[in-house]
Amino acid sequence: MKNTLKAGILILWAALVPLLNSCFKEPTVPVVVTKTVEGVTQSDALVKGSVNNDGGEIVTARGICWSTSPGPTIDKNKILSGEGLGDFTGSLEDLVPGMKYYARAFAVNNIGTAYGNELVFSTDKLTDIEGNTYSTLDIGGQIWIAENLKTISLNDGTELPLVPSTTEWLTTTDPGYTYYNGDPDTYAETYGALYNWYAVATGKLCPSGWHVPSEEEMTVLIEYLGGQFVAGGKLKETGATHWKSPNTGATDEIGFTGLPGGYKSPDGIYEYIGEYGNYYTSTDSSSIEAYRIYLSFEHKKVFMAASPKNYCFSVRCVKD
């Protein structure tokens, strides 16, 4: 009889211990999982998450946070999606076309905030009026197109005239474009088009919602990258596929992938493919000259200079 009673007590105690442990267990942050990213467009995405364990405290908020760099937190972009345990969905809106994003689910209880695993996705690429597509990137809060502009039409549909290879171009003030050596088959896909400043000055060269950067915006970019003496290397594509050796200091650490597209001078001469990458700004320095930056195969420095508006240079765009 005693043995039977003792055995019963042991069985009861074995059943009670886990319950007692759970009652006295210290609460923790929730357990949350980022499950999938679906329905991605140029500006929207659906991110699904799930709170699998509340950590012993009520989950008072849950949702999705995201950013253009790894490790997003609720301090910046976030969307709430209910409370408690279970599955939920966050609808991300007003995203930038062609941008890489990092997203993760989060859940909050009285102990703190927990984050799920990180998922990476890219929105559909930015499209210009002709259907050319572009990746984009966030550089210190400025949103840039990560490729040279290719369009030969303004964003209102007006076709740009091809720059003639004659001296008459020395005096024109009409907007225009060309390709290096007048050869789109060889150069257009990689280097894009070359534009005179009068095309830039229309204010309609970039896709709607984007513009050619001003001298001031270019300066902000350069300063963010550490100043003119090092920024050129950070802007250049690495290696010798397009750049002539030694391509000094090239790291392309932000993904700008600056290319040596050369230029066309007002007298019709094409020069310096592989050696210099020239990018117009929208700021003129006089009635006949405008600012540009240029990158060199020999330097990690980025240069700012004023050049005659009849030169044809590459263009990058920045978001309005």
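Author: Contact here means heavy atoms within 4.5 Å, and in this predicted model Tyr 291 touches, beyond the residues up to four places away in sequence, Glu 215, Tyr 280, Thr 281, Thr 283, Asp 284, Ser 285, Met 304, Ala 305 and Ala 306.

Reader: Where does Tyr 291 lie, and what makes it partly exposed?

Author: The place of Tyr 291 is in strand S19. Its relative accessibility is 28%, and since buried means under 20% and exposed over 50%, the value falls in between and Tyr 291 therefore counts as partly exposed. Along the chain Tyr 291 is 66 residues from Leu 225, and the C-alpha atoms of the two are separated by 19 Å.

Reader: What makes the chain more spread out than a compact globule?

Author: The chain, with five helices and 21 strands, has a radius of gyration of 28 Å, whereas the globule rule gives 20 Å for 320 residues; the value is well over the rule, so the chain is more spread out than a compact globule. Along its principal axes, the C-alpha trace spans about 115 × 40 × 35 Å.

Reader: How much of the chain counts as buried, and what share of its contacts joins residues 24 or more positions apart?

Author: Of the 320 residues, 44% count as buried. Among the contacts with a separation of 6 or more, 60% are between residues 24 or more positions apart. The accessible surface comes to about 15,400 Å², with 52% of it belonging to carbon and sulfur atoms. As for charge, the chain has 23 positive and 37 negative charges, and their mean positions are 12 Å apart.

Reader: How do you know that the buried residues of helix H4 line one face of the helix?

Author: In H4, which runs over residues 215–224, Met 218, Leu 221 and Ile 222 are buried. Seen down the axis of H4, the buried residues fall within an arc of 95°, so they line one face of the helix. On the other side of H4, Glu 216, Glu 223 and Tyr 224 are exposed.

Reader: What do the buried residues of H4 pack against, and which residues of H5 are buried?

Author: The buried residues of H4 pack against helix H5 (228–235) and several strands, including S11 (136–139), S12 (142–145), S18 (276–284) and S20 (302–308). Strand S19 (289–296), where Tyr 291 has its place, also belongs to the elements against which they pack. In H5, Ala 231, Gly 232, Gly 233 and Leu 235 are buried, and what covers them includes H4, S19 and S20.

Reader: Why is Ser 214 called buried?

Author: Ser 214 has a relative accessible area of 18%, and because buried means under 20%, Ser 214 is placed in that class. Ser 214 lies in the loop between strand S15 (210–211) and H4. Leaving aside neighbours within four places in sequence, Ser 214 is in contact with Thr 281, Ser 282 and Thr 283.

Reader: What sets the backbone apart in the loop between H5 and S16?

Author: Most residues other than glycine have a negative phi, and most peptide bonds are trans. In the loop between H5 and strand S16 (261–264) is Pro 246, and the peptide bond from Ser 245 to Pro 246 is cis, with omega near 20°. Asn 247 lies in that loop too, and its phi is near 45°, a positive value in a residue other than glycine. Thr 257, also in the loop between H5 and S16, has a positive phi of about 50° although it is not a glycine.

Reader: Why is Asn 247 called buried, and why is Thr 257 called partly exposed?

Author: The relative accessibility of Asn 247 is 6%, and because buried means under 20%, Asn 247 counts as buried. For Thr 257 the relative accessible area is 24%, which lies between the cut-offs of 20% and 50%, so Thr 257 is partly exposed.

Terms used. Residues are numbered from 1 along each chain as its sequence is written. This is a predicted model: local features need pLDDT of at least 70, side-chain atom pairs count only at pLDDT 80 or more; totals for chains, interfaces and linings use all residues. Side-chain values use heavy atoms; hydrogens and water are left out. Helices (H or I, at least four residues) and strands (E, at least two) are DSSP runs, numbered from the N terminus. The radius of gyration is taken over C-alpha atoms; the globule rule is 2.2 Å times the number of residues to the power 0.38. Buried means under 20% relative accessible area, exposed over 50%, partly exposed in between (1.4 Å probe, protein chains only). Accessible areas come from the Shrake-Rupley method with a 1.4 Å probe; for residues, only the protein chains shown count as cover. Lys and Arg count as positive and Asp and Glu as negative; His and the chain ends are not counted. The place of a charge is taken as NZ of Lys, CZ of Arg, CG of Asp or CD of Glu. The arc is that of the directions from the helix axis to the C-beta atoms.
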